Amino acid sequence: MTVIALTDCCRLLAIDGKTLRRWLAQAQLPVQAHPEDARCKGLARDHLLVLARAHHRSLADLPAALPAPALLAPPSASSELSAELLTTLQTLSALPAQLATLQQQLADLTALLLQPPRAPVTTPHAQRRAARGSAPMPTKASARARPTASSRAKPPEPPAQVLPLIEYGVQGSYVVLCPTHGLLALEPDTPEWFAWLATLSSFRFVGRQGRFTAHREVERLPRAAWRAHRSMRSHTYNLRLGSTESLTIATLEQAAATLDAHLR
């Protein structure tokens with residue numbers, strides 16, 4: 001087994017030591033002692049390949065692996081294990097976003113069930129006129145006791161709307177969540193991506209450099225322009241995104257970074 005020093009891992013992945021430790025913790029990969037110097041820590045070559053694939057990094061200068069002993073598994077078994085581990089990591093990265101969506105939907109349903117019943121409708125004007133013949137004339141005290149328009153029960157507010165979510169995952173990929181269909185298998189900047197955005201009137205975006213909520217300026221026009229907005233420090237900042245065909249990942253990330261700059 002080839003063990004690569006942590007400093008060489010950082011150089012090959014083009015990251016610093018803090019980022020490498022965070023990636024290892026997310027992927028739950030162990031750090032091993034270097035075979036030539038036990039005081040130095042390193043990472044197995046297969047584990048480094050897993051990190052590189054998960055975060056879309058190229059390892060052009062990666063040293064060749066040492067010949068495996070006869071008792072070890074063949075290279076094909078190791079590659080299959082790495083592919084299965086990468087698929088498992090991608091599935092685990094999507095679980096927090098799915099759990100957050102389910103929790104939001106559960107909170108909306110709970111709030112809807114806990115809403116008080118509507119107050120009974122007051123007697124219509126026609127019924128009051130029909131009852132005047134048999135009912136006594138109202139006195140001044142009873143007239144003053146009549147409920148005013150301000151004291152009548154107000155209708156309950158509609159429940160909060162759950163918006164579709166586009167979120168950058170820990171494995172370097174973007175997760176698309178729909179409130180009604182759950183996790184969608186959509187690749188950014190593809191025809192299916194733009195076709196799905198054309199059916200929306202609003203969505204939430206959580207990227208690498210910030211977040212915002214996007215709304216179509218005219219909901220009933222499919223080709224109307226989009227606008228991003230974010231509320232910070234009792235102020236709402238807006239930014240025009242353009243048409244649906246221009247909503248690429250690069251455009252969304254740039255808009256998130258521009259809005260997030262107001263926090264600094």
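The model is predicted, so to speak of local features a pLDDT of at least 70 is needed, side-chain atom pairs count only at pLDDT 80 or more, and totals for chains, interfaces and linings use all residues. Residues are numbered from 1 along each chain as its sequence is written, and side-chain values use heavy atoms, with hydrogens and water left out.

Helices (H or I, at least four residues) and strands (E, at least two) are DSSP runs, numbered from the N terminus. Within H2, which spans residues 17-27, the buried residues include Thr-19, Leu-20, Trp-23, Leu-24 and Ala-27 (buried is under 20% relative accessible area, exposed over 50%, partly exposed in between, with a 1.4 Å probe and protein chains only). These residues lie on the same side of H2 because they cover an arc of only 135 degrees around the axis, the arc being that of the directions from the helix axis to the C-beta atoms. An α-helix has 3.6 residues a turn, so residues three or four places apart point the same way. Exposed Lys-18, Arg-21 and Ala-25 sit on the face of H2 turned away from its buried side.

Gln-28, which follows H2, has a positive phi near 55 degrees. Ala-14 has a positive phi of about 60 degrees; it lies in the loop between helix H1 (6-13) and H2 and is exposed, at 62% relative accessibility. For Asp-189, phi is positive and near 65 degrees. Asp-189 belongs to the loop between strand E6 (182-184) and helix H7 (191-198), and is partly exposed at 40% relative accessible area.

Turning to the strands, E7 (residues 202-206) and E8 (residues 211-216) pair antiparallel over five bridges, where pairing requires that DSSP finds at least two bridges between two strands. Val-206 has Arg-211 in E8 as its bridge partner, and four residues separate E7 and E8 in their hairpin. E8 also runs antiparallel to E9 (residues 226-232), joined by four bridges, with His-215 opposite Arg-227 in E9.

Finally, H4 (75-113), E5 (174-178) and E6 each supply at least two residues to the lining of the second largest pocket, and H4 gives the most, with six residues.
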